[in-house]
Amino acid sequence: MPRSLTKVGLVLLIVFLLPAIFYSVRELQTAQENELLIEEIYNDQLEAILFSVNQYSEDIARSWTRDWSNLLQDSLWQNSEEFNQFFSENYAIKEAFIMDSLEASEISLYSNEGEAFFSVSQEIIPQIIQAQRPVVHRLFNYRENGYLKIEPFFSDTSSLEFLVFLPTASSNPTTIYGFILDPTVFVNDFLGPRIHAIAQEELIISVHQQLAEVPLYTTANHVKHGISRAPRKPLWLFPDYYLTIQLEEQEAPTLAEQRFRTNLFLIVGLNAVLLLGAWFVFRTIKKEIELARIKSDFVSNVSHEIRTPLALISMFSETLMMGRVKSEEKKHEYYRIVNQESQRLTSMVNKILNFSKIEAGKHHFHFEPINLNEVVTGVLESYDFHLKNEGFHYHSRLSETELTINGDRESITEAIINLLDNAIKYSDEHKDISVLTGISADQYFVEIQDKGMGISEANQEAIFDKFFRVSSSLPTKPTAPSSDGSPRSGTGLGLSLVKYIMDAHKGTITLTSYPNKGSNFRLNFPICYRVGKLIANE
């Protein structure tokens, strides 16, 4: 059987587990590749949204340059209402400046209060422009080609941002124009409404300054601290600031990571189901193999059990039929043996039938007042020849008190016979059996003692399971052959029937046994009658 189970296990491993492992590994690799692709597509889509935000911010700046250029073409622009309106509507612009050339021989600054000479910005602007001369030369090239390009400039000593541009319609080809902006006002008041319109309560778009934990602006309901892991893109107008975007309520793990974890969980769950199914199939096959072995052993054991009484009945009946027995006393003895063996054979058949009824739930007991001493005496009388024929010496010590219980006579007789059969089967060198009855505490008992091979402590609970036989598992004598060298006979049903009978009588069965020293089985019955009177619940 172990070799058969090993083969079954290998087949299940090859058929179920190995394909499942290969499939899982492949699916995990594919899932990871797919999720990376999804994440890339997702980031591209988010970056497209960020591009639109940046495009909108540049459109605002271009509209400023257009309006400012129109104002410069008006000779009365410094005193016009359009001038004041320009700065009041575009209040993110703190100042506008005009520098005659890269050498900055003349700088004019303007704000909503008019022309502002001697401003602090007059000292900062030339420094910033001179520090980035290549960028300014590139702006001149753009203008020569008829293209307006806006470049952001910033100062390390100021929180303001500078936008430098060269209008294509300027009359002076060396003049440089620019705006000085407040990024906080621009982001919150000018860019914020557009960002909210794009987010639509489905996305979280935030504006951060480099290395700042708290965003300058966000569409989230709660401001979250820490550097975001969401896709980011710098603001074109303010390189020191960047935009981030993510799904609403999305935490640190990205969408792809969450999907990968979900797929991993599903694959692990699928493997668990496959393992459970393989284990169930293996367990079922193991049971079927075990049942097949038990069936084979059962048929073999029953055949062996029946063969002995049939051989005796055949031998003695044939002797009587041929007239070889002359004395009436000997005939009577042979008739008695034939009768006892037929009863023994009947008992075996009844044991199998009773077990079948028990399994089908159709077994019924007929309870009546019976005397345990009388039952034990009847069993010993019917088993006298069989015990002596097997070479056993037996003695009984019955209680002087009448042990009357409420029980089924036939079932209790069967229980005692089963215990005697076990004592006969598992006794080799010391063929000595004792049968006792008595009173212990509030119970009547019947005890069968033998000096046979005994039962190990590890098997003492399992022996009452159906089909379990100690002969196949005793550590000291693994095969436990009989005295003639043949395997131990038995159906493996005897003790399970005894347990069932005792449970039906609300009694117990106790065992005291040591390997190679013998076993004591005691049947304990509750006392229901005393001196012919029924005692309730005693």
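Just after helix α10, Lys-506 takes a positive phi of about 55°. This is a feature of a predicted model. Within α10 itself, which spans residues 494-504, the buried residues are Gly-494, Leu-495, Ser-496, Leu-497, Val-498, Ile-501 and Met-502.

**Nonpolar cores**

The largest nonpolar core holds 40 residues, and Trp-64, Trp-68, Phe-179 and Phe-186 touch the most other members. Both helices and strands give two or more residues to this core, among them α2 (81-89), α5 (183-199), β1 (93-99) and β10 (241-247). Helix α1 (2-73) gives the most, with eight residues. A second, separate core of 37 residues includes Met-502 along with Ile-416, Leu-420 and Phe-525. In soluble globular proteins, nonpolar side chains tend to be buried together.

| Core | Residues in core | Members named |
|---|---|---|
| Largest | 40 residues | Including Trp-64, Trp-68, Phe-179 and Phe-186 |
| Second, separate | 37 residues | Including Ile-416, Leu-420, Met-502 and Phe-525 |

**The packing of α8 and α9**

Helix α8 (residues 372-389) packs against helix α9 (residues 409-425) at an angle of about 40°, and their axes lie 10 Å apart. The two helices are therefore oblique to each other. The crossing in which α8 passes α9 is right-handed. On the α8 side, the contact is made by residues including Leu-372, Val-376, Leu-380, Tyr-383 and Leu-387. On the α9 side, the contributors include Arg-409, Ile-412, Asp-421 and Ile-424. By class, the residues of this contact comprise 12 nonpolar, two polar and three charged. Ile-416 and Leu-420 of α9 also take part in the contact, and both are included in the second core.

Key:
Residues numbered from 1 in each chain as written. Predicted model: local features only at pLDDT ≥ 70, side-chain atom pairs only at ≥ 80, totals over all residues. Heavy atoms only, no water. Axes fitted to C-alpha atoms, helices over the stretch in contact; angles between N-to-C directions. Helix = DSSP H or I, 4+ residues; strand = E, 2+ residues; numbered from the N terminus. Parallel < 35°, antiparallel > 145°, perpendicular 65-115°, else oblique. Left-handed = near helix turned anticlockwise from the far one by under 90°. Contact = heavy atoms within 4.5 Å. Nonpolar A, V, L, I, M, F, W, Y, C, P; charged D, E, K, R; others polar. Core = buried A, V, L, I, M, F, W, Y, C linked by side-chain atoms within 4.5 Å. Buried < 20%, exposed > 50% of the residue type's maximum accessible area, 1.4 Å probe, protein only.
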